[in-house]
Amino acid sequence: MSGMFIWQFCDCRVTEGLGWLLTRAGTQNSKGMVDRYRRPKLAYTVVQQYFK
């Protein structure tokens, strides 16, 4: 079996946890394909090309 899935669709704020989690810029987890306002990033178009 093979396939793929999106690990994190959108950016989110890190509010849980202590220590290094709170040292992120703006307490943001910015690994998503779209930003927190759902605006597409470069990764969004790359993934979109794979699914077309």
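Glutamine 8 is in contact (heavy atoms within 4.5 Å) with Asn29, Lys31, Gly32 and Met33, once its neighbours within four places in sequence are left aside. Everything here comes from a predicted model, in which local features need pLDDT of at least 70 and side-chain atom pairs count only at pLDDT 80 or more, while totals for chains, interfaces and linings use all residues. Residues are numbered from 1 along each chain as its sequence is written, and side-chain values use heavy atoms, with hydrogens and water left out.

Glutamine 8 sits in the segment before β1 (12-13). Why does glutamine 8 count as buried? Its relative accessibility is 15%, and buried means under 20% relative accessible area, with exposed over 50% and partly exposed in between (1.4 Å probe, protein chains only). The glutamine 8 side chain also reaches the backbone oxygen of cysteine 10, at 3.0 Å.

That brings up the cysteines. Cysteine 10 has a relative accessible area of 19%, so it is buried, whereas cysteine 12, at 33%, counts as partly exposed. How many disulfides turn up in a search of the whole structure? The search finds 0. A disulfide is a covalent bond between the sulfur atoms of two cysteines, and here it is counted when a pair of cysteine sulfur atoms lies within 2.5 Å.

Zooming out, the chain has 1 helix and 2 strands, and from the N terminus on its elements run β-β-α. These elements are DSSP runs numbered from the N terminus: H or I with at least four residues for helices, E with at least two for strands. Of the 52 residues in the chain, 23% count as buried. Among contacts between residues at least 6 apart in sequence, 30% join residues at least 24 apart.

Then there is the outside. The chain's accessible surface comes to about 4,600 Å², and 61% of that belongs to carbon and sulfur atoms; such areas come from the Shrake-Rupley method with a 1.4 Å probe, and for residues only the protein chains shown count as cover. Met4, Ile6, Phe9, Leu42, Val46, Tyr50 and Phe51 form a nonpolar surface patch, with about 790 Å² of accessible area together. One of these patch members, leucine 42, is found in helix α1 (residues 42-51). Leucine 42 counts as exposed because its relative accessibility is 68%.

Terms used: A polar contact is a pair of N or O atoms within 3.5 Å; within protein, one must be able to donate a hydrogen and the other to accept it, and residues adjacent in sequence count only if both atoms are side-chain atoms. Patches are made of residues with over 30% relative accessible area and no salt bridge: like charges are joined within 9 Å, nonpolar side chains (Val, Leu, Ile, Met, Phe, Trp, Tyr) within 5 Å. A salt bridge is a side-chain nitrogen of Lys or Arg within 4 Å of a carboxyl oxygen of Asp or Glu.
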